[in-house]
Amino acid sequence: MNVLGIHIAVELIQIVVAVVAFLAFIGVNVLVLVLMERKVAGRFQRRPGPYEVGPHGSLQTLADAVKMMAKELHTPRGADKVLFWAAPIVTFAPVVVSFMPLPFGPKYLTGWEVNLGVVLILAFSSLGVFGICLAGWSSNNKWSLIGAARAVAQSVAYEIPLLLSVLAIAFQVGSLNLTEITAGQGSWPWQWNVAVQPLAFFIFVVSMLGETNRAPFDLPEAESELTAGFHTEYSGMGFGLFFMAEYAAMVVVCSVGTVLFLGGWKGPVFDGPWWFLAKVYGLLFVMMWFRWTFPRVRFDQLLNINWKWLTPLALLNLLAVAFLVKVV
Amino acid sequence: MRPEEAFRTLSGDFYTRSLQPGPTEDTLILNMGPQHPSTHGVLRIVLELDGEYIVRAEPVLGYIHRMHEKMGEVKTFAQYLPNMGRVDYLHALAWNWAYVGAVEKLCGIEVSERAEYIRVITAEMNRISSHFVWWGAYLLDLGAFTPIMYAFDDREWLLDLLQIVTGSRLTYCYFRFGGVSDDVTPEFVEGTFRWCERMRSRLPMYKALVTDNIILRKRCEEIGPIDLDMARRYGATGPVLRGSGVAYDVRRAEPYSVYDRFHFEIPVGKAGGDAMDRYLVRMAEMEQSLNIIEQALRRLPPGPVMHEKAPKRLKAPKGEAYFAVEGARGKIGVHLVSDGGKNPYRVKLRAPGFSNLSLFSELAKGVLLADAVSILGSLDLVIPEIDR
């Protein structure tokens, strides 16, 4: 009994430490990512991007964060106050948990090793849409409501091909443990799962854009149609939390993509977390590249792409993988 | 009164409250604008939505009404000229031209030949800059953020050139009764040639980068088709009409100035043209404008930029005159009525955007919200021009 108690205590402490560490990690990453996004956008658009605060504008996002925290939190008239302010937290909190099972490096750099790591991440990342739905409903704003309705339809739709493409890898490796999936891949690019299952990787990348509401699938917050979609009415850190959740979710899906398809922390030389981060940031750059290049798709087109193409394709892929793994 | 009830009566205004209830109770009345990112200015559209499908769309105008027509009655002929740059700030020189042309017609003033060529060159350059703004803004509506920066980069060159001759960058007041205010400089002529050359390489790049993009095509094709009958009923002109396959261009149909001396084509779309046709017509028009500019620059005749007989002090006879030019958005008409006094008795401004906007209500019926944004953008509206 005593041994079990100690065991639980150790696990709990480990989880608390990991959550605090991941909060800091998310904070730093969001600061870097927002700056990166603005710089990338600037380069794509023939302008330097933020340049005034700090050398080459490197402290711009920090200044923006301070500004955002200092802003008044305004609740719109007729809004459901409790739900309205619960929504950003409900959106943000699950993302933090999603970081837990990610193997950032060889040994101790995993927050909490779980056998069902992939399932845990997918489960918690689909909670995020719940917060968006709450935000849209409680804002008492019709644009927000439409944004929320879009977000729900989109997330529900894109989770399916995402899940199916992840399952294809799970079938191949025979495990849902992210550490084991990393261990199953070699150091060189042709030993990674992306070389074995390029179709699954393609489906994963497209669905990951849909799942994180990034352009060209950023319909829940399509500003030329819905002003700002579900977060139209949010000010200050209310908006800030949505913003952080979006970027943190991007880091999560890119990390999952790195672990499943790109060999995780393994690299040709000097295995370690730096390879993991480099690959994650490579994927993030691709996401930004898409955003600043493509127009936005229409909503029915978005759902058509998913239900008519991605889902059947992912199902076929899964069947093929299952056949190859079990029979051949 | 209970608070919820008070809230209900307080919400909305004359327009939303007077909208007749829809066929079902599941619809939503939604205000798009006057402060909405894709109504470009202060256009307001009252939408009735069923889910994301539009049941009804009613534009509400007047948020930037500045009484331009009334101002014409209280200002002298010359004093009213600067107003013209403010009616449509994107194609200001076409409005300059329409008004100046009407006054010249009314008073029988002749224009020097060099000035006619300069007018053609500057007005065509202004048309390209207007199309650039439309292009960037339209793609912004469709969710592509980058093209507007490229468009503004090219437009910047153009504005720098126009600044040399006109002295301003946006609200030009360059044309005068009987000519233009300043002669072109060699710097301008050379710069314009170089700019034309640059544009010839830029336009194919835009086609490859943007026009041929599959997402853009899917967002524009078969969206907002306008058939001939519809265009006629609402009096659509400009690229909106030409996008539906009618080769009506004031520069050809009622040639004014020296347009009959240049070789240029009138790009048209297919019958029942959609947003993509209107898009392609505007892109092709930019190329045609480049042709006109180059021809006019090569043949630029020497001479004064003001006709010798142009009156120093304008004395308008009794009578009326109507003059129409082809603006970037369509047929711009100025109808002047004079009673022989210092001021015009009445000025009527025909804004093409106003007629083109009236198509929207019918086009938007039954489409998705995102398509309505696409249609609105394809009509190329400038709200100050519509409200006048």
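1. In which loop of chain B does G366(B) lie? The residue belongs to the loop between α15 (360-363) and α16 of chain B. Helices (H or I, at least four residues) and strands (E, at least two) are DSSP runs, numbered from the N terminus.

2. Residues are numbered from 1 along each chain as its sequence is written, while chains are lettered from A and ligands numbered from 1 in the order in which they are written. The model is predicted, so that local features need pLDDT of at least 70 and side-chain atom pairs count only at pLDDT 80 or more, whereas totals for chains, interfaces and linings use all residues.

3. On confidence, chain B has a mean pLDDT of 86, pLDDT being the predictor's confidence in each residue, from 0 to 100. A value of 70 or more is reached by 94% of the residues of chain B. For the complex, the predictor gives an ipTM of 0.80 and a pTM of 0.85.

4. Chain A holds 13 helices and 0 strands. Its radius of gyration, taken over C-alpha atoms, is 20 Å, close to the 20 Å that the globule rule gives for 328 residues, so chain A is as compact as a globular protein of that length; the rule is 2.2 Å times the number of residues to the power 0.38. The C-alpha trace of chain A spans about 60 × 55 × 45 Å along its principal axes.

5. Of the 328 residues of chain A, 46% are buried. The classes rest on the other C-beta atoms, placed from the backbone, within 10 Å of a residue's own: 20 or more for buried, 12 or fewer for exposed, and partly exposed in between.

6. Chain B contains an open sheet of 3 strands in the order β1-β2-β3, with antiparallel pairing. Strands pair if DSSP finds at least two bridges between them. β1 (28-32) and β3 (53-60) of chain B stand at the edges with a single partner strand each, so one side of each has no neighbour in the sheet.

7. Strand β2 (residues 44-50) of chain B pairs with β1(B) over 5 bridges, and L47(B) is the bridge partner of L30(B). Between β2(B) and β3(B) there are 7 bridges, with L49(B) opposite I54(B). The hairpin of these two strands has 2 residues between them, and G51(B) takes a positive phi near 65° there. In β2(B), 6 of the 7 residues are buried.

8. What does G366(B) touch beyond its neighbours within four places in sequence? G366(B) is in contact with Y53(B) and I54(B), contact meaning that C-beta atoms, placed from the backbone, lie within 7 Å. From E326(B), G366(B) is 40 residues away in sequence and 32 Å away in space, C-alpha to C-alpha.

9. The contact between the chains takes 28 residues from chain B and 24 residues from chain A. On the side of chain B, the elements giving two or more residues are β1, α6 (113-141), α7 (147-166), α9 (214-220) and α16 (369-378). That side divides into 17 nonpolar, 5 polar and 6 charged residues. Here Ala, Val, Leu, Ile, Met, Phe, Trp, Tyr, Cys and Pro count as nonpolar, Asp, Glu, Lys and Arg as charged, and the others, Gly among them, as polar.

Methods:
Contact = placed C-beta atoms within 7 Å.
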